Amino acid sequence: YAFAHLKRCLPRWLIVALPSTEQVMTVFAELAKNLIRFVAGATKPRPLILSRIGNMDTNQPLEGGLLKLRGLMPDYRRNRVPGGTYFFTVNLLERSNTLLVSHVDALREAVRKVRAARPFHIDAWVVLPEHMHAVWTLPPGDTDYSARWKAIKIAFAKAIPSTEFRSAVRVTRGERGIWQRRFWEHTIRDEQDYAAHVDYVHINPMKHGLVACVGDWPYSSFHRYVTQGIYAPDWGGQGVEDLPAGERR
């Protein structure tokens, strides 16, 4: 009962990072010690450092995502924050295309190969017919998400038949006509921003009218979050705000 009550008091991103009773109680104990020191006037509050809690090593991304709190640079500028957490929107070139779901196994394999070569943590991901959203955390000291997306796009394009229309420019350059060249990127600022974008990822299929319930869409990390107890199975995105996310209208 106490654990359930504590979970209700914690922000969602911390519950993802601290899934066990022992780890949550350890965090609360440290917070309580810090508060006592502050009230007693002995010291200034000390930052809570989750360097090691239980068997967790926060030098590596935690299951569900470890926030790196940094700034934001808008538009198409790439905010290169070492070890940062990012939200992405990646679109197919043709809006009427459905390649991402009709060849979802090829997409999964492309992601698997790229992660094996250049690791990154998947905090959230949803695949729709012609676009996808994802939240990633890169390893500390690594800022090159652009190369990872490029590699995923290339691997996916190589794995599916060449049946799409290609403009003269793309033919000259030897490019496939599958992907938009650019993608949308937003650097996660804090835990509220993290929660808002993870919620946005998971509500997206219902937002676009593809399903009546979030849980009915199969190509989503929503199901992992339900298994972890983050969402209720019937979660319907109550209170989720629309975000600037690089989607075509």
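I started with strand S4 and found it mostly covered, with seven of its seven residues buried. Buried here means under 20% relative accessible area, exposed means over 50%, and partly exposed lies in between, with a 1.4 Å probe and protein chains only. Strands are DSSP runs of E, at least two residues, and helices are runs of H or I, at least four residues, numbered from the N terminus.

Note on the source: this is a predicted model, where local features need pLDDT of at least 70, side-chain atom pairs count only at pLDDT 80 or more, and totals for chains, interfaces and linings use all residues. Residues are numbered from 1 along each chain as its sequence is written, and side-chain values use heavy atoms, with hydrogens and water left out.

**Whole chain**

I counted nine helices and six strands in the protein chain. Of its 249 residues, 44% are buried. I also looked at contacts (heavy atoms within 4.5 Å). Among those with a separation of 6 or more, 67% are between residues 24 or more positions apart. The accessible surface is about 13200 Å², and 56% of that belongs to carbon and sulfur atoms. These areas come from the Shrake-Rupley method with a 1.4 Å probe; for residues, only the protein chains shown count as cover.

Next I went to S5, residues 131-137, and all seven of its seven residues are buried. In a regular strand the side chains alternate between the two faces of the sheet. Both faces of S5 are covered: His 131, His 133, Val 135 and Thr 137 are buried on one side, and Met 132, Ala 134 and Trp 136 on the other.

Which way does S5 run against S4? The two pair in the antiparallel sense over six bridges; pairing takes at least two DSSP bridges between two strands. They form a hairpin with three residues between them. I noted Ile 122 opposite Trp 136, and Ala 124 with Val 135 as its bridge partner. S3 also pairs with S5 in the antiparallel sense, over seven bridges, and there Thr 89 stands opposite His 133.

**Asn 97**

I looked up Asn 97 in the loop between strand S3 (85-91) and helix H4 (99-102). Buried or exposed? Asn 97 counts as buried because its relative accessibility is 18%. Leaving out residues up to four places away in sequence, Asn 97 touches Leu 92, Pro 129 and Glu 130. Glu 130 is 33 residues apart from Asn 97 along the chain, yet their C-alpha atoms are separated by 5.5 Å.

**Second largest pocket**

I then checked the second largest pocket, with about 340 Å³ of space. A pocket is an open set of points on a 1 Å grid over the protein atoms alone, with protein on both sides within 12 Å along at least five of seven lines; lining residues have an atom within 4 Å of a point. Of its 14 lining residues, Arg 108, Ile 122, Trp 125, Val 127 and Ser 221 are the closest to the centre. Helix H5 (104-117) gives the most to the lining, six residues, and S4 (121-127) supplies at least two.

Conventions:
On a 1 Å grid over the protein atoms alone, a cavity is a set of points where a 1.4 Å probe fits but cannot get out, and a pocket is an open set with protein on both sides within 12 Å along at least five of seven lines; lining residues have an atom within 4 Å of a point. Grid points are joined across faces, edges and corners, and a volume is the space filled by probe spheres set on the points.
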